[in-house]
Amino acid sequence: EVSVSGRVLTAEGRGLLNAVVTLTDSQGVTRRAYTGRTGAYRFDDVESGRIYIISVISRHYQLSPRVLSVNDDLADVDFVAGSGK
């Protein structure tokens, strides 16, 4: 098992606090993590050799989900928010 981590940032490089990051596997099982003050999040105990969809829910920003192929620890899976909704 591996970890997936990164940050959720504004276009200016500031961390987004309390954004919800979701990690969904091919079976539809979803895990949630909340960003801290620096915008950091982390999922531990992620099963390797699988495909996941990672997405961010924020009150103020729209961010596009991504497809991740997880085979090893992934760091720097960062999201940068554009302009507000």
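1. A residue is called buried here when its relative accessible area is under 20%, and exposed when that area is over 50%. Keep those cut-offs in mind for the points below, and remember that this is a predicted model.

2. Let's start with Asp-76, which sits in the loop between E6 and strand E7 (79-80). At 64% relative accessibility, Asp-76 is exposed. Its phi is near 60 degrees, a positive value in a residue other than glycine.

3. Asp-45 also deserves a look. This residue belongs to strand E4, and its phi is positive too, at about 55 degrees, although Asp-45 is not a glycine. Its relative accessible area is 56%, so Asp-45 counts as exposed.

4. The largest nonpolar core comprises 21 residues, and Val-8, Tyr-41, Phe-43, Val-46, Ile-54 and Phe-79 have the most contacts inside it. At least two residues of this core come from each of strands E1 (2-9), E2 (20-25), E4 (40-46), E5 (50-57) and E6 (66-70).

5. Leaving aside residues up to four places away in sequence, its contacts include Leu-16, Val-21, Tyr-41, Val-56, Leu-63 and Phe-79. Arg-14, Gly-15 and Thr-35 are also among the residues that Val-8 touches.

6. Finally, have a look at Ser-58, in the loop between E5 and E6. With a relative accessible area of 12%, Ser-58 is buried. Its side chain reaches the backbone nitrogen of His-60 at 3.3 Å, and a polar atom of that Ser-58 side chain lies 3.4 Å from the backbone nitrogen of Tyr-61.

Notes:
Residues are numbered from 1 along each chain as its sequence is written. This is a predicted model: local features need pLDDT of at least 70, side-chain atom pairs count only at pLDDT 80 or more; totals for chains, interfaces and linings use all residues. Side-chain values use heavy atoms; hydrogens and water are left out. A nonpolar core is a set of buried Ala, Val, Leu, Ile, Met, Phe, Trp, Tyr and Cys residues joined through side-chain atoms within 4.5 Å. Buried means under 20% relative accessible area, exposed over 50%, partly exposed in between (1.4 Å probe, protein chains only). Helices (H or I, at least four residues) and strands (E, at least two) are DSSP runs, numbered from the N terminus. Contact means heavy atoms within 4.5 Å. A polar contact is a pair of N or O atoms within 3.5 Å; within protein, one must be able to donate a hydrogen and the other to accept it, and residues adjacent in sequence count only if both atoms are side-chain atoms.
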